[in-house]
Protein chains: 2
Amino acid sequence: MYTYIQNVHEHIGEEITIRGWLYNRTDKGKLRFLLVRDGTGTIQAVVFKGNVDPEVFEAVDQTTQESSLTVTGTVKEDSRAPGGYEMDVSHCEIGQIAGEYPITPKDHGTAFLMENRHLWLRSSRQHAILRIRHEIIRAVRDFYDNNGFTLVDTPILTPAACEGTTTLFEIDYFGEKAYLSQSGQLYNEAACMSVGKTYCFGPTFRAEKSKTRRHLMEFSKVEPEVAWANLDDIMKLAEDFVSYVVQRVLEERKEELERIERDTTPLEKIEPPFPRISYSEAFVLLETEGTDTPRGSDFGAADETILSCSFDKPVIVHRYPRDIKAFYMQPDPEDSGSALCMDMLAPEGYGEIIGGSQRIHDVDLLLERIREHKLPVDAFKWYLDLRKYGTVPHSGFGMGIERVVSWICSLDHVRETIPFPRMLYRMYP
Amino acid sequence: MYTYIQNVHEHIGEEITIRGWLYNRTDKGKLRFLLVRDGTGTIQAVVFKGNVDPEVFEAVDQTTQESSLTVTGTVKEDSRAPGGYEMDVSHCEIGQIAGEYPITPKDHGTAFLMENRHLWLRSSRQHAILRIRHEIIRAVRDFYDNNGFTLVDTPILTPAACEGTTTLFEIDYFGEKAYLSQSGQLYNEAACMSVGKTYCFGPTFRAEKSKTRRHLMEFSKVEPEVAWANLDDIMKLAEDFVSYVVQRVLEERKEELERIERDTTPLEKIEPPFPRISYSEAFVLLETEGTDTPRGSDFGAADETILSCSFDKPVIVHRYPRDIKAFYMQPDPEDSGSALCMDMLAPEGYGEIIGGSQRIHDVDLLLERIREHKLPVDAFKWYLDLRKYGTVPHSGFGMGIERVVSWICSLDHVRETIPFPRMLYRMYP
């Protein structure tokens, strides 16, 4: 019987056996302090020379960082020990003495760490980020599952391009051209007419020759879509959703947030309602800050940062000019030059995490827009069908998981938010 | 305020408003019986001519299948009504009178239904399968999340091929060759050395020019991997896991299973332990049934069916000949010609749903196998690293979600198990 380190508190005074890897060793006379990690936690195992067989003590002296170990000993509480518990070792078996470990406590360059991502993941900080990412994903799914949404998986291999093919990875599908999906939205629109409220959640792809701290070639996106919902409905949904996710992480991943030294004060403020400003109002703000961006165009990175830093909660910017937005967005009935759309920008300078809109539900208007955008009408036959058979207003949005992980963990670069990042010149390991 | 049909039981005697689509209409004198669906349920809304404005009654008379409606009325219990509740309609607004709906209650060919998959999803049976699929996916995630596993997403875009490139979709990654992942296993092995117990769950791809009732080009796979686990440990994990998933669906999706007329008796038997037989024992059984397959080769489809139908629970077949299995499998210490691997075959003729193994943890043996299989050693540098720095025995498996949906729903063909199937000559919609 083996015990996971996360459960040692249930075994105070008992002899248990754990299996793991040596994270660090300190020697003091006849004592060897082994910091052992097993993926669920870390514990200090104290080997006193007099308590173990001489050959065991000798073997312990040979252990290097990341050597694999099976350690037997008695658990005791010790407030001075990292984690609050310690083991008095009675026996220790070495699985393997690890070769000289490439990642040491000294500073390494990012290129080196990325090249060794498969090992870097074992470090305390990366381990914490993995666990926070997992909790974010769980919270996302729980939110939709508990609010009556049905998960309807949308395909990765798609025949048509939603918004042009320039940033799509192309693939040969038995002689036909296919593309890796950038969004499940169009399929979500079909699904929500069946299940009412739907979401999809999975990898999406963007073949963009850009190197920024906010872009990956492969990233995760969650996209809810709600039949009968209008722009107001999904702005409300988005703020409830983001607040839920942040609060869940604060509750469930306190230890990990501490480990990566995240100041949680700004996160504690994340609850509905969020500030909402129109695109025009946003420009008034940007112009007082001296932006060079002309009205009518999309915000630049600097503009996003200004907006993001102007509020201590995520800010929703709505009703962008129709001309800079996707073909499927419903025009604002009060201003046909604007689209019923919204972006949500995370605070602390993190910028856009959500983009969404009300979708055009009138078949003639949709057809007109598809033609205006010079998209292949044939490929959209099924999408147009959704407007012929009981069309209803409907709305949805997409949230990028890596940007949310980046914000919640307060990371400088999105590459640490995903286990195996795919970047412009990085597909290994 | 609008009510979802799944919540009407909370409003007996009250006037509510629902929004949805007309599934069916029956006229009887001054009565119109509207069967309305909204994705969360179905309810009969009864329009009595004397209770609504004349123009409303006229409009109702124009409604066609899938027309969108907003219906106001009083909820009453009625054991004769489908679902047990009815609405006495006081008002009805028509969103859109649907064009002539292509999918009628009469029989359609599969090709036609697949071509109209975006609409077919609205039918009662497909809706039920979507909901069961969702519950299976939730149960899968809950099982691992509640048992201490950390989700570590593995990449879709991969540089190296795990088992040869013949069945891989190739992609141009900025001038480099990349492939769409068939398995996250190799990455899982790196992750489990960080988090102890890991799983990945997402789309996987197989470019196989085969048309069978059990294959899709894009499908979902969940893959757990456990550090320090041996073959026995993961056989136990697999039977606990599959039992949990089946029992969850029986508890949570009773109505949907009834709707698709699934006889649940065989599913109720699915609990641990499952029968376990070795490859050699399986052959004894197959030979008494007169198989033509020579010993030493993989089972044919007919063999799988025989094995699958020989037990009323899933059967685990373990220790296949090493030569027909993947390079990374640990040899059986008691018979070096066999691998420490296992497949699980679902009953009722459904066949393989799980494949797994203990992995080679010795770096020299692994290197030997990579060379034997003529795989590019360079591409496996990081994978070999895992055996250099504190290597430990570890094991895992993969389960195909669509095959499990197929079995639990008792479907003839895997194409109905996924919202938008990708098959040999099918990438639309």
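**Domain arrangement and two-fold pairing in a predicted model**

The C-alpha centres of domain 1 of chain A and domain 2 of chain A are separated by 46 Å. Domain 1 covers residues 5-96 of chain A, and domain 2 covers residues 117-417. The coordinates belong to a predicted model, and every value below is computed from that model.

Five residues of domain 1 of chain A and four residues of domain 2 of chain A take part in the contact. The size of an interface is often expressed as the accessible area lost when the parts come together. For domain 1 of chain A and domain 2 of chain A, the buried area is about 380 Å², with 39% of it on carbon and sulfur atoms. On the side of domain 1 of chain A, Y23(A), R37(A) and G39(A) supply 69% of the area buried against domain 2 of chain A, more than any other three residues.

What polar and charged interactions accompany this contact? Between domain 1 of chain A and domain 2 of chain A, three residue pairs are in polar contact. The rule also finds one salt bridge across this interface. A salt bridge joins the side chains of E66(A) and R122(A), with an N to O distance of 2.8 Å. By class, the side of domain 1 of chain A that touches domain 2 of chain A consists of two nonpolar residues, one polar residue and two charged residues.

Salt bridges can also be followed through the structure as a whole, which holds 62 of them over all chains. One salt bridge is formed by the side chains of R214(A) and E304(A), at 3.6 Å from N to O. R214(A) is located in the loop between strand 10 (197-205) and strand 11 (218-227) of chain A, whereas E304(A) belongs to helix 10 (residues 301-309) of chain A, so the pair ties together parts that are 90 residues apart in sequence.

The relation between the chains remains to be described. Through which surface do the copies meet? Of the interface residues of chain A, 100% are also interface residues in chain B, so the copies meet through the same surface.

Conventions. Residues are numbered from 1 along each chain as its sequence is written. Chains are lettered from A and ligands numbered from 1 in the order in which they are written. This is a predicted model: local features need pLDDT of at least 70, side-chain atom pairs count only at pLDDT 80 or more; totals for chains, interfaces and linings use all residues. Side-chain values use heavy atoms; hydrogens and water are left out. Domain bounds come from an automatic or database domain assignment. Contact means heavy atoms within 4.5 Å. Buried area is the accessible area (1.4 Å probe) that two parts lose on being put together, summed over both. A salt bridge is a side-chain nitrogen of Lys or Arg within 4 Å of a carboxyl oxygen of Asp or Glu. A polar contact is a pair of N or O atoms within 3.5 Å; within protein, one must be able to donate a hydrogen and the other to accept it, and residues adjacent in sequence count only if both atoms are side-chain atoms. Ala, Val, Leu, Ile, Met, Phe, Trp, Tyr, Cys and Pro count as nonpolar, Asp, Glu, Lys and Arg as charged, and the others, Gly among them, as polar. Helices (H or I, at least four residues) and strands (E, at least two) are DSSP runs, numbered from the N terminus.
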